[in-house]
Amino acid sequence: MQVRVLTLEEGKDLSQRTQHRVFPMKVLKVLAFVAILGISFCIASMYMTRYYGVLSVVSQARSSFHSCWEEPKGLSWWIRPPSGLMHNMSDEELFWHASMVPQVNKYPFKRVPKVAFMFLTIGPLPLSPLWENFFKGNEGLYSIYIHSLPNYKAEFPKSSVFYRRQIPSQVSEWGKMSMCDAERRLLSNALLDVSNEWFVLLSESCIPLYAFSITYQYLMRSRYSYVGAFDDPGPHGRGLYNPNMAPEVDISLWRKASQWFEVNRELAVVIIKDIKFYPKFKEFCKPNCYVDEHYFPTMLTIESPDRLANRSITWVDWSRGGAHPATFGKADITETFLKNIVEEQTCLYNGQKSNLCFLFARKFAPSALEPLLQLAPNLLGYGWQKT
Ligand SMILES: *[C@@H]1O[C@H](CO)[C@@H](O)[C@H](O)[C@H]1NC(C)=O
Ligand SMILES: *[C@@H]1O[C@H](CO)[C@@H](O)[C@H](O)[C@H]1NC(C)=O
């Protein structure tokens with residue numbers, strides 16, 4: 001208002017020439033005055049909040065001087081995990097984004113480490129009620145990510161731990177690089193949450209073998225990551241090595257294992273940041289070389305051998321022979337069967353002999369759900385009814 005009145009008054013009485021010279025100067029002065037007034041007002045209101053906590057003044061200042069007032073953002077704002085899991089980043093963008101790693105080895109805030117449970121599925125999760133029981137009461141210590149076929153529409157109720165935990169997915173096929181891509185996609189999405197410390201790859205046929213607290217402690221206290229890595233001299237092992245992979249991959253470091261792994265944050269980053277071995281495996285490990293059984297074990301054996309336990313903690317039964325491990329249904333699930341899985345084992349844990357070797361097991365058919373729900377409270381340690 002003030003500004004417009006002034007210019008009109010002045011312009012009327014001045015000649016054309018002086019108007020050109022003087023008039024802009026006047027306007028500039030007025031504008032400068034208004035700007036200084038605005039800045040002073042901002043500064044004044046900042047001090048007022050700091051010293052007197054006059055909140056109403058701040059909100060007034062905010063609405064009238066948007067440009068110079070920006071709310072200071074705390075560290076929690078910069079590091080908070082994305083509120084939704086959906087995004088449109090390409091894999092290349094996602095992997096790059098997820099590969100950012102803090103270089104200061106001490107967190108300047110209280111960080112409660114979480115376990116990321118990453119479900120690589122075709123569609124539904126038939127054993128989800130078992131998992132719901134497993135997670136119950138442990139909120140804040142885990143996060144869940146699901147990669148399913150892209151056209152699958154998940155329908156979990158709002159109360160479910162699986163509600164809206166689907167990540168942007170693409171078609172992935174067993175034995176092909178698209179399977180490794182899906183696993184890298186799961187890892188990358190989970191890495192975006194700075195609290196995730198362990199990354200567990202699971203399928204829809206996996207079950208947890210112990211209570212959450214035991215699982216959590218086992219992982220958090222582990223010095224090694226759980227990736228199988230076998231040096232098999234036979235035709236299904238070294239026989240699948242292609243000399244074109246040299247010099248990046250030497251046959252002496254060629255490893256194989258099942259794809260189900262449990263890795264810590266450090267190794268998760270090693271996996272998703274790789275651009276050196278990836279093209280070699282993509283080009284030279286094609287069926288019968290199943291890339292999802294060789295890429296991670298071999299690449300990690302070359303890049304981080306000292307971090308590997310060289311075994312997985314996902315139990316599976318190959319004793320029935322054939323190309324696929326046994327699948328267990330309703331009739332198989334007995335007390336003896338479950339006791340055998342959790343009790344009859346020996347392995348090394350942090351270099352010490354241990355009887356606790358497997359935290360998860362596969363493969364379980366949907367029909368196994370009912371007997372598992374019944375036996376889990378006494379035999380596996382989770383799923384007691386609330387009284
Ligand atoms: C994602 O969406 C943004 C905004 O709509 C767009 O600018 C960007 O190109 C998209 N990225 C991809 C990879 O589709
Ligand atoms: C796993 O194997 C690598 C070599 O392939 C070795 O360096 C490492 O020490 C092994 N890990 C354990 C825990 O024995």
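What is the strand order in the open sheet of three strands? The answer comes with the first view. This is a predicted model, where local features need pLDDT of at least 70, side-chain atom pairs count only at pLDDT 80 or more, and totals for chains, interfaces and linings use all residues. Residues are numbered from 1 along each chain as its sequence is written, while chains are lettered from A and ligands numbered from 1 in the order in which they are written.

**View 1. An open sheet runs S4-S9-S6, with mixed pairing.** Strands here are DSSP runs (E, at least two residues) and helices are too (H or I, at least four), numbered from the N terminus. Strands S4 (207–208) and S6 (314–315) sit at the edges with a single partner strand each, so each has one side without a neighbour in the sheet. S4 pairs with S9 (residues 360–361) in the antiparallel sense, over two bridges; pairing takes at least two bridges found by DSSP. Look for Pro208 opposite Phe360 in S9.

**View 2. Ala246 and Pro247 are joined by a cis peptide bond.** Omega is about 5° there. Pro247 belongs to the loop between helix H8 (212–220) and strand S5 (262–264).

**View 3. Another cis peptide bond links Arg362 and Lys363.** This one has omega of about 0°, and Lys363 lies in the loop between S9 and helix H13 (369–379). Most peptide bonds are trans.

**View 4. Asn350 has a positive phi, near 50°.** You'll find Asn350 in the loop between strands S7 (347–349) and S8 (352–354). Asn350 is exposed (12 or fewer other C-beta atoms within 10 Å, with C-beta atoms placed from the backbone), because its count is 10.

Methods. Buried ≥ 20, exposed ≤ 12 C-beta atoms within 10 Å, placed from the backbone.
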